[in-house]
Amino acid sequence: MKFTIGWLKEHLDTQKKDNELIEKLTNIGLEVESFENLSSSLDSFKVAKIINVEQHPNADRLRICDVDIGLDNTVKVVCGAPNAKKDLLTIYAGPGSVIPKNSMKLSVSKIRGVTSYGMLCSESELNLSNESEGITELTASKYSDKIGKNFFKSNTEKVVDLSITPNRPDCLGVRGIARDLAATGVGKLKKILLKNSKNNGSQKIKVSITKDKNQGCTAFGSCLIEGVTNKESPKWLKEKIISLGQKPISAIVDITNYVMLDLNRPLHAYDADKIDKEIIVRNSKKGETFEALDNKEYKLDEEMCVISDKSGVLGLGGIIGGTRSGTEINTKNILLESAYFIPRSIRKTSKLLNIDTDAKFRFERGIDPQSIELGLSKAAELISEICGGKISNFDIQQTDKHEKNKIKFNISLFEKITGFKVNDNEIIKILTDLGFEVSKEKFQLDLKIPTWRPDITQPIDIVEEIVRIKGYENIETLEPEKTKIKDTLNAQQKLFHFLQRSVASKGYFETVTWSFTDSKINKLFKENLKEIKIVNPISSDLDVLRNSIFTNLTFYIKKNLDRGFKDISLFEIGPIFKDSKPGEQLTVIGAIKSGKISRLNWNEKDRVVDVFDVKKDVIQTLVEAGYDRQSFFVRDESPSYYHPGKSGSIYVDKDEIEPVAYFGEIHPNILKKLDIKTEGLVGFEIYMDYLRENKIKLKDLKTNFKYSDYQKSERDFAFVVDKNFKAQDLIEIISSIDKNLIRSIKIFDIYEGENIPQDKKSIALNVTIQSSEKTLEESDLEKINKLIISTVETKSGAKIRS
Amino acid sequence: MSDIKKIKDDYLNKLNNDLNIESLNQIKTELFGKNGKISNYFKKLGSLPTDERKKFASDLNSIKNELQVKIDSKLQEIETKEINSKLENEKVDVTLPEREFIRGKIHPVSQVIDEISSIFSEIGFSVEEGPDIENEHYNFTALNTPDNHPARDMHDTFYLDNNKELLLRTHTSPVQVRTMLNGKPPFKIIAPGRTYRSDSDQTHSPMFHQVEGLHIDKDINMGHLKGCLNYFIKSFFEVDKIKMRFRPSHFPFTEPSAEVDIGYEIKDGKIVIGEGDKWLEILGCGMVHPNVLKNVKLSPDKYQGYAFGIGIDRLGMLKYGINDLRAFFETDYRWLNHFGFDPLDVPSNYRGLSR
């Protein structure tokens, strides 16, 4: 909402300075976006001083001037004027300026080989006089302290730009803003003075509002103005329209616009001669069409509120008029419309047809239904004043009287909500100034709500009015109480934070990427999940919700590889989506690692990242989070985007149905499809939702501290097993032989090749044996030794390697 | 007696020479070996007359000890020398780089969420979360923003179906609704999370983060709201004083509503929070609208309280001098490295929020 202070003062009698008014506006909830001059094309002409003059090397009649243009800036300007001399004060136009005389736009240019930044202007070039000999000479006494300042005084008034919240349609007119300001005490709201011009004769065009279902119009006021001469608007009106950055069109259009901006009272002017007999306000029929003032043809649906005549639709009520009945410069007779349309109906129609107009914006928020007559009076008066013509009586059709709504307001609610007190008389004054009719009954106010405030429907709205006008600075700042109702984080949230920092501590950079992604990449990772399309994506390559964290991670790892990075570790913790319903999402950690370990290192041999790097990271993370490594179970099954032979899934327990994590090399096909160039790409995923809370709390585990001081013994074994026999199973077999004695099992060698049959491999392991009851004797050790060998041989078909 | 004295003197002399470990062992053998000179005297002790024996034994023992001590110290001397000369050959260039280590980073958004959680934890708030996909009821209608409300236009919503029933939440406020529907008052929660609007330019990103706050009890008023936010802003920016301005505004789900500005100035091209005469809008808040309370089956006559919504990314930008919002989500390795935080930097009350 834009207006000038001068305009505001037509409604507000105030002695306050502009800045005080501006501050007040913001303090009462009418946020000032800006308060400045509309920039003018004349702003680029500056007072300047020539500080040095040199002859142009390639042209006798040209000279090169060093020109002081203020703020410690000097520029070089090539000038042909004979009067250009040192210390002359003149007018400088920089590159981009438009010379008033010939509308030429200046740019930095080379004149005979010397670059000139702008030009020094003659009086004639600026339309100041006909003097075209030489550049303007300014008197030192008047201009010597103005170097760098604009030469032309800005004659446009400063414009206030307010951002009006959708609940305040009344402030879409200057009068509403003035009323709010007056309520704060900065001034008085002036009365609207209407010249009591006499209206003659009846309004001859019949108007009716049909009783259709969901009729969008409840009141339609009109008057006829006969014998007008439409013309250009007078200067004052043009200036008003221009000062708000709009374009004057013709007196009649400008006047209706002016009344709309002034009183937030949209009007519509019809060329009365183009109306076929009568005006019927009715619901549209499906398939009806009309050409609107935006020169588009609209095809209507049912139940849209239209203004029509005998021949058909004239316009969409409260949204846009039609070309058939529009006023033109030669229009003689005008029918002026001032109506009330129901916001819901306006919104529905404009959404369906996708039309946005100033009128629609206002009616959608709610226009004062009681302003119909005022709008007609004000506009008709101006039209007859400027364009002549005879004004008819006003014809007002209405199906709803739009009486003021009433609220009972318990005064104590104010303090209950805001925490501070305002005395009753002040409350009554504020509300009265805002246009409420107030009567007090003990601790209660009976209020009649002004019809321009559709936003006020219940007592809390009254609290807001009072505290807003009184000022939010009156609210106390109460020290916060530290009482806690429950733990800050629940178990799952604690786990989230723990895992996040645990993964980062393994050398991964955390990233945050969109929850949506490119469906083409998503297809590579979605497995059997449903694709969830966004109906209105921001761009075609962000068109679906992600089914996997890897979609974006692989995309961005490629971007970083393309930037020249090689060894990258990235992870993200966040949602992936299973379906398009609330809650159908999982919280997943995805981590990815490219390139090599120890690249270009003087004391360690480099190697490509591999499946066991990520296996370490994921297992360590889970162990740090409190899960027992001993009960983990690894399967060689994983989603299809992993390398089928170099990936696996982790179950916190053998009996669990869902794996909590996957790890492995990313499938080479994916690297190929996404054109990812790296020596190696590995990753892991942790599904937080499948990680159950540990049954035994860490604090309870701590209290149970047991250890053995008896001697430990270590024994090495090498078993020859089938090539596809899993190390995990071998460890499981050995450790279950005697959980009390066998303390740890370490695999220290895997061997295939010479001396081993082709379909076999040798697994060498070291077993630590320790009792918690006694020092084991050689015979005990020999016994367990034998047991290990025999058990492994029977259970796995392995052979001890001799 | 003189014989053993001589042996002693001779060998003490010898031991004063520069010896290596072999020659020292040689001397040891010569003295204390099976046929060593001192050993032989001990063997002879038994054959001496009783009166001489005692004195001789005592002399012999003291000589033996003297020599032994000398030998031991010599041995230590030689060993030290040998270690020293060995160490000299083992010297490495310690200025060579250490073994490689890699250091991970926490994203600034996560760090800021942890900072926020830590601050609100201090004043008794707990953390709630809600789904990223919402239905229009929780995102709008229950929040007093019915279908025909113009405020809906201000949210450029991503929809997941043509009926506009399912959407990506445009703010974290639906968590308020879910929390109040699923629990019993009092409520004292914050809800950080991802939010989405189909808007993209230098200062808008189609995904961003908000934290919702909600405190509902029997007598929570606007003074508590002011106090809570004042505490939060001061703690977050780690300054003693903050200039704060509450401006009336409008949100469908709160009334009265306010926008909060904080004072700042530009010093050396950087934003300094808490001083200066410029205002920066940082959050929206207000008293929860009675219609919202009714929608979650709470009686507005019994319960009241405040809610607020803060842009997390923006807070992070202000605190850590990040200029471009879009960079948060572009996964530039250099950016993550620069603006990321060490995983050990867990914001907490006792260690402080930031280093």
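Chain B has a radius of gyration of 41 Å, whereas a compact globule of 355 residues would come near 20 Å (taken over C-alpha atoms, with the globule rule being 2.2 Å times the number of residues to the power 0.38). This is a predicted model, where local features need pLDDT of at least 70, side-chain atom pairs count only at pLDDT 80 or more, and totals for chains, interfaces and linings use all residues. Residues are numbered from 1 along each chain as its sequence is written, while chains are lettered from A and ligands numbered from 1 in the order in which they are written.

**Chain B overall**
- Along the principal axes, the C-alpha atoms of chain B fill a box of roughly 130 × 45 × 45 Å.
- Chain B has 12 helices and 10 strands (DSSP runs, H or I of at least four residues for helices and E of at least two for strands, numbered from the N terminus).

**Helix α15 of chain A**
- Helix α15(A) covers residues 550-562, and its 13 residues should span 18 Å at 1.5 Å a residue, which agrees with end C-alpha atoms 18 Å apart (the expected span is 1.5 Å times one less than the number of residues).
- After α15(A) comes Gly564(A), with a positive phi near 105°.

**Helices α19 and α20 of chain A**
- The axes of α19(A), residues 727-735, and α20(A), residues 778-796, come within 9 Å and cross at roughly 135° (axes are lines fitted to C-alpha atoms, for helices over the stretch in contact, with angles from 0 to 180 degrees between N-to-C directions).
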